[in-house]
Amino acid sequence: MPSSIQESESAKASDASARRGRAASLWRTARRRPTSLLGAGLLAFFAFVAIAAPVLAPAQPRARDAYLIPQDGYSPDPAPPSAKHRFGTTEQQYDLYYGMVWGARTAFKVGLTVVGLSLAAGMLVGGVAGFYGGWVDETLMRGTDIVLAFPDLVLAVVIVSVMGPGLGNVMWSVAAVSWPSYARLLRGDVLAIKERDFVSAARALGASDARILFRHIIPNCIYPLLVVASLSMGSIVITTAALSFLGLGAPVGYADWGQLISLSRNWILGSSGNPFAYWHTILIPGMAIFLFVLGWNLLGDAVRDILDPRQK
Amino acid sequence: MVQFIAKRLLFLPVVMLGVTMLLFAALQFLSPAMRAALYIKDPRQLASLDQVIQKYGLDKPMPVQYGIWLKQLMRGDLGYSETAKMPVADAIKSFFPATFELTCVAFLPILAIGVYFGVLSAVYKDRWLDQLSRFVAITGYSLPSFVLGLLLLMVFYGRLQWFPPGRYSLDVDLLVHSASFRHYTGLLTVDTLLNGQWSAFVDVAKHLVLPAVTLIYIELALLLRITRSSMLEELGKDYIRTAKAKGLPGSVIVRKHALKNALIPVVTLSSLLFVGLLSGVVITETVFDFPGIGRWGIEAAQQLDVPAVLGATLLAAGLFVLANLVSDILYAFVDPRIRIG
């Protein structure tokens with residue numbers, strides 16, 4: 001609550017111009033920090049590739065699933081880029097270009113699903129805990145502490161390995177380890193907001209608990225949550241890619257960048273006289289993941305500056 | 001202070017109990033037959049699958065099974081690891097030193113580089129050094145460790161033949177497992193020196209370089225950015241202005257005044273960093289074929305070696321909780337304003 005006159009005046013002023021200011025502030029941030037433009041550009045590029053995938057890399061006419069990379073023979077040795085295979089092939093002759101293009105779709109799908117799932121779970125747990133307080137809060141938050149007591153990747157590996165490998169299970173497992181930070185953050189904000197007058201007003205009007213929580217309280221503490229979500233997007237993409245790299249994610253031949261990198265593990269040595277003979281099998285999918293994550297991280301920084309001016 | 005530590009120590013088993021419950025609940029995804037399969041060493045035993053399920057109580061209600069498992073755990077019996085071909089407790093004992101060694105070799109440079117360049121980039125804010133450290137941080141943050149690891153291997157192993165993967169070469173393997181080699185600490189860099197084997201030390205050190213560099217580059221970002229922002233905050237405070245007004249030279253202000261206060265969050269973070277490293281080694285060890293807890297845990301997970309996965313995970317969670325505790329205690333020590341009662 002603003003206490004001094006000065007503060008309340010500035011709060012009033014910022015309220016009035018908040019809506020108009022957001023677009024302008026977006027532009028100002030973008031100009032002040034060209035890196036955020038780079039981030040947006042990278043993501044726009046990947047989004048374009050993901051959307052245009054059927055045009056950029058048309059699936060085989062009789063393909064069962066467009067995400068399965070076509071194989072050109074079964075020779076174990078990767079082939080370098082050629083006219084037929086723009087980025088070359090991996091071991092077992094999977095076309096790298098096709099895998100990269102459709103892998104962009106997989107990357108967006110996986111990243112957005114995991115963030116969405118963990119955000120929803122975190123919002124539910126943190127919101128309910130903060131709203132009801134007492135033993136509900138105690139129980140839910142101690143449960144959160146226990147999930148937080150594991151290093152992310154370790155718990156995710158355990159969950160995937162018992163559920164069985166596969167992209168779907170990877171998404172569930174990473175979501176299962178990512179929600180606690182959202183829950184903690186939201187709980188703190190809910191504790192502060194639920195004491196505000198507009199909440200009492202809503203209650204006086206006869207609103208139900210669920211309505212107060214989801215229509216009045218949570219919308220008022222959503223911004224910090226979105227900031228954390230956009231900043232955690234990068235690490236989530238890395239974790240899911242790591243699980244695929246470890247052989248716990250997408251099956252061999254599925255268009256997934258992490259999985260394509262795992263196909264390159266046996267080819268770091270090259271052939272005699274040409275140590276970098278198989279450079280494309282690592283460098284191309286590796287750079288794709290790097291640039292994708294970099295895009296989210298740069299954009300996340302900018303989102304933080306815009307939505308959370310306290311951290312400027 | 002003592003009370004606070006005692007309270008947190010008492011809370012430790014409670015959290016660990018929760019951790020075991022969560023792990024156990026995760027295991028219930030596996031059917032009784034799948035869990036029984038672990039006890040079967042020979043295809044001929046398959047006929048007796050039902051007996052195995054009965055014997056180990058795998059079809060009993062979950063709380064009962066949990067009780068049995070917990071009782072085993074209390075006796076220090078973590079079960080038998082099929083992937084390591086030895087009891088889980090022995091496997092942890094034999095794999096942990098390698099992981100610990102790698103972690104230490106990476107940790108000290110991270111601390112030194114992170115703090116030194118974090119402070120410099122705060123002092124020279126927006127100059128080229130700051131831009132460079134920002135670049136290192138953001139790329140380190142965005143580059144998956146397995147991509148960096150494979151690229152390093154391609155250049156420094158494939159092309160230059162400088163740093164091979166693994167923990168040691170074949171001749172050192174023979175030496176380490178010979179009767180005359182005494183294992184003082186389990187840390188091979190230390191043990192080879194204590195045994196007076198200089199060339200073996202060089203070999204072991206060479207094998208540590210690439211995994212350590214990978215860990216350093218990936219984990220450096222956090223410390224670099226935290227030190228920088230903490231230092232910037234201190235440099236903007238009134239007492240720094242007073243010191244400047246007194247006419248103190250800039251280097252004294254930075255070193256004697258700002259740094260001490262700026263390091264408070266860094267100290268508390270560094271214990272968490274250590275644990276972050278311990279989990280970061282999971283990938284790094286796998287990429288570099290480095291025989292530590294992480295590589296063993298992943299192998300166990302891939303082959304559904306449940307006792308091994310449980311053991312490795314319990315260890316990771318235990319270290320994690322312990323490091324959180326250390327970080328809280330350190331916080332109270334370095335910041336006299338904090339009084340925890």
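Visitor: Which residues does A:Val190 touch, leaving out those up to four places away in sequence?
Guide: A:Val190 touches A:Gly127, A:Gly130, A:Phe131, A:Ile217 and A:Cys221, where contact means heavy atoms within 4.5 Å. The model is predicted: local features need pLDDT of at least 70 and side-chain atom pairs pLDDT 80 or more, while totals for chains, interfaces and linings use all residues. Residues are numbered from 1 along each chain as its sequence is written, chains are lettered from A and ligands numbered from 1 in written order, and side-chain values use heavy atoms, without hydrogens and water.

Visitor: Where does A:Val190 sit?
Guide: A:Val190 lies in helix H7 of chain A, residues 167–193; helices are DSSP runs of H or I, at least four residues, numbered from the N terminus.

Visitor: Why is A:Val190 called buried?
Guide: Its relative accessibility is 0%, and buried means under 20% (exposed is over 50%, partly exposed in between, with a 1.4 Å probe and protein chains only). A:Val190 therefore counts as buried.

Visitor: How far apart are A:Val190 and A:Gly126 in sequence and in space?
Guide: They are 64 residues apart in sequence and 8.0 Å apart in space, C-alpha to C-alpha.

Visitor: At what angle do H5 and H13 of chain B pack?
Guide: Helix H5 (residues 88–123) and helix H13 (residues 293–302) of chain B pack at about 135 degrees, with axes 8 Å apart. Angles run from 0 to 180 degrees between N-to-C directions.

Visitor: What makes H5(B) oblique to H13(B)?
Guide: Under 35 degrees is roughly parallel, over 145 roughly antiparallel, 65 to 115 roughly perpendicular, and the rest oblique. The angle of about 135 degrees therefore makes H5(B) oblique to H13(B).

Visitor: Which residues make that contact?
Guide: H5(B) contributes B:Val88, B:Ala91, B:Ile92, B:Phe95, B:Phe96 and B:Thr99, and H13(B) contributes B:Ile293, B:Gly294 and B:Trp296. They divide into seven nonpolar, two polar and no charged.

Visitor: How many residues does each chain bring to the contact between chain B and chain A?
Guide: Chain B brings 41 residues and chain A 43. Between them the chains bury about 3800 Å², 85% of it on carbon and sulfur atoms; buried area is the accessible area (1.4 Å probe) lost on being put together, summed over both parts. B:Phe146, B:Leu150 and B:Met154 supply 17% of the area that chain B buries against chain A, more than any other three residues.

How values were computed: Helices (H or I, at least four residues) and strands (E, at least two) are DSSP runs, numbered from the N terminus. Ala, Val, Leu, Ile, Met, Phe, Trp, Tyr, Cys and Pro count as nonpolar, Asp, Glu, Lys and Arg as charged, and the others, Gly among them, as polar. Buried area is the accessible area (1.4 Å probe) that two parts lose on being put together, summed over both.
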